[in-house]
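Biologist: Could you take me on a close look at the ligand sites of this model, and at the parts of the protein around them? I would enjoy one connected walk through it.

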Amino acid sequence: MKQICVVGVGYVGLVTGACFSDLGNRVIALDVNEQRIENLKKGIMPIYEPGLEELVRRNVKAGRLSFTTDYAEALQGTEFVFIAVGTPSGVNGEADLQYVASAAESIARNMSAPLIIINKSTVPIGTGDWVADIVKRAQPRPIDFSVVSCPEFLREGSAIGDFMNPHRTVIGSFDREAANKVAQLHLPLRAPIVITDLRTAEMIKYASNAFLATKISFINEIAEICEAYGADVKEVAAGMGYDARIGRHFLDAGLGWGGSCFPKDVKALAYMAEEKGLNPRILHSVMQVNYDRRRDVVKWTESLLGGLRGKTIALFGLAFKPNTDDMRDAPSIDIAQALTAAGATVRAYDPVAMDAARVILPAVQMCSDPYEAATGADAVIVVTEWNEFKQLDLEKLKALLKTPIVMDARNIYEPARMREMGFQYRAIGR
Ligand code: NAD
Ligand code: UGA
């Protein structure tokens, strides 16, 4: 049993804290957001993530997990401190490191014994050295510490399973002893452990996210070509995926990638390259192909309807992907705003993201289920592939719509069946 402090109780920090406590460690999770900590003490989760509430409850009850806003209390007796604060996009696409800097300063001011500071946030190459500098300068008196990079690869919506069963654990440090201690902490996860230097570990994270985003943009470009020539991109992806060198994952064509990670990380990697005078051509194309999908889906809906002014469009799904309430850079935002700007009325239903979406999209009418959203609408756009949309009563849906038009931007329905049923149906690359 080790004592661990996790700084930041968002998607990564809270999952990290809950999972490490479930593995038998004593975890104190800290955040500067007092409301979040107050709520967590009452068992109220700050985010929607399947299985998280139960995991947190169980470990709090067992006395292994607790919450605080007080750095001195959180660091008392702690050997490992994970930084898991946000690193959003800055104005020029660079990663904004203000939260990392402030966490590092607070750790430095409040540590009372040697510490291993582990950076779990996704940070630009060189940040580990920069954090070490901040800590050294902010310490009231010199106390030993090491900075280790241990990037996180979990996905929202399956975060606990991903954390507990990672494909690999990446550990970067110049301090071999600290790296080995961090490796020991991760041994129960039984994944291959890559120990490398700080900068390489930081780069592995960006390169991984950028590669996955590239795969998705690639299949979306293939989808366009499929459509032009009458091939089916779903079958193309399946056929490609049998080749182990390619793999089937991240080849679902549709609306492209959104969320709090790929958009900011691809941008930040391009920024890093440009800062060194390089021209990241692939990254720029990957972003362009991706963002074109959102515009294209609106354009295709417009052409199916013969214009958008005065029309009512039902959006099925708002979150950037299923099983999360995260609306950060969700394609639904650009789509809803473009539809509204073109004079359409937008109604929407999402199983968990409507509270978060209401703040961002005040003009969108939120509905209590997909049928209510579709009632009297001129068209449906499937934006997020929530399971509950896959088995809808399609006859009922057709009867409720003013015109039976479905823009299936996540390829969840079978084109032949939809057309047989009398829908005017458009999918992506099929
Ligand atoms: P988030 O916005 O959900 O949570 C960040 C938390 O940090 C917030 O609760 C905030 O109040 C807190 N915070 C900010 N400054 C603080 C400070 N000085 N001290 C204490 N707490 C502070 O962020 P997230 O989605 O969990 O992402 C965190 C990092 O992990 C980012 O760098 C992200 O790129 C990376 N990441 C995210 C995911 C994901 O699926 N969300 C996956 C892998 C990596
Ligand atoms: C992604 C990575 O998958 C994680 O490994 C990483 O840790 C995380 O970013 C991060 O660094 O924060 P996440 O954004 O939660 O995780 O979700 P994904 O499942 O990767 O989906 C990202 C976006 O790509 C979603 O908008 C999804 O709809 C889209 N996507 C995904 C596709 O369009 N097609 C696919 O085949 C797969």
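Modeller: Happy to! Let me begin with the term we need: a residue is near a molecule if one of its heavy atoms lies within 4 Å of it. Please keep in mind that this is a predicted model.

Let us start with ligand 1. There are 29 residues around ligand 1, and Asp31, Tyr71, Thr87, Ser102 and Lys264 come nearest. Sorted by class, this shell has 13 nonpolar, 9 polar and 7 charged residues. A polar backbone atom of Tyr11 is 3.0 Å from an oxygen atom of ligand 1. The backbone of Thr122 also has an N or O atom beside an oxygen atom of ligand 1, at 2.9 Å. From a side chain, a polar atom of Arg328 lies 3.0 Å from an oxygen atom of ligand 1. As for cover, ligand 1 exposes 840 Å² when taken alone, and the protein buries 91% of that. Two elements give two or more residues to this shell, namely α1 (11-22) and α5 (98-110). The largest share, 3 residues, comes from α5.

Now for ligand 2. Here the shell holds 20 residues, of which Phe153, Leu154, Lys205, Asn209 and Cys261 come nearest. By class, the shell around ligand 2 divides into 9 nonpolar, 3 polar and 8 charged residues. On the backbone side, an N or O atom of Asp252 lies 2.8 Å from an oxygen atom of ligand 2, and for Gly256 a backbone N or O atom is 3.5 Å from an oxygen atom of ligand 2. The side chain of Lys321 places an N or O atom 2.8 Å from an oxygen atom of ligand 2. Of the 710 Å² of accessible area that ligand 2 has on its own, the protein covers 91%. The elements giving two or more residues to its shell are α9 (198-229) and α11 (262-275); the largest share, 3 residues, is from α9.

Across the boundary, 17 residues of domain 1 are in contact with 15 residues of domain 2.

Next, the loop between α10 (233-241) and α11 holds Phe250. This residue has a positive phi of about 60 degrees although it is not a glycine. Phe250 counts as partly exposed because its relative accessibility is 28%. Another positive phi in a residue other than glycine is found at Arg190, near 50 degrees. Arg190 is in the loop between α8 (176-186) and β8 (193-196), and at 75% relative accessibility it counts as exposed.

Asn411 gives us a buried loop residue to look at. It is found between β13 (405-408) and α17 (415-420), and its relative accessible area is 3%, so Asn411 is buried. Leaving aside residues up to four places away in sequence, Asn411 touches Val233, Lys234, Ala253, Ala427, Ile428 and Arg430.

An α-helix has 3.6 residues a turn, so residues three or four places apart point the same way. Just after α13, Gly343 takes a positive phi of about 95 degrees.

Strand β12 (residues 379-382) leads us to Ala379, which lies in it. Ala379 counts as buried because its relative accessibility is 0%. Not counting residues up to four places away in sequence, Ala379 touches Thr301, Leu305, Thr312, Ile313, Ala314, Leu401 and Ile405. With Thr312, the C-alpha to C-alpha distance is 7.0 Å, across 67 residues of sequence.

Conventions. Residues numbered from 1 in each chain as written. Chains lettered and ligands numbered in written order. Predicted model: local features only at pLDDT ≥ 70, side-chain atom pairs only at ≥ 80, totals over all residues. Heavy atoms only, no water. Polar contact = N/O pair within 3.5 Å; in protein donor to acceptor, adjacent residues only side chain to side chain. Areas by Shrake-Rupley, 256 points an atom, 1.4 Å probe, with all protein chains shown as cover. Helix = DSSP H or I, 4+ residues; strand = E, 2+ residues; numbered from the N terminus. Nonpolar A, V, L, I, M, F, W, Y, C, P; charged D, E, K, R; others polar. Buried < 20%, exposed > 50% of the residue type's maximum accessible area, 1.4 Å probe, protein only. Contact = heavy atoms within 4.5 Å.
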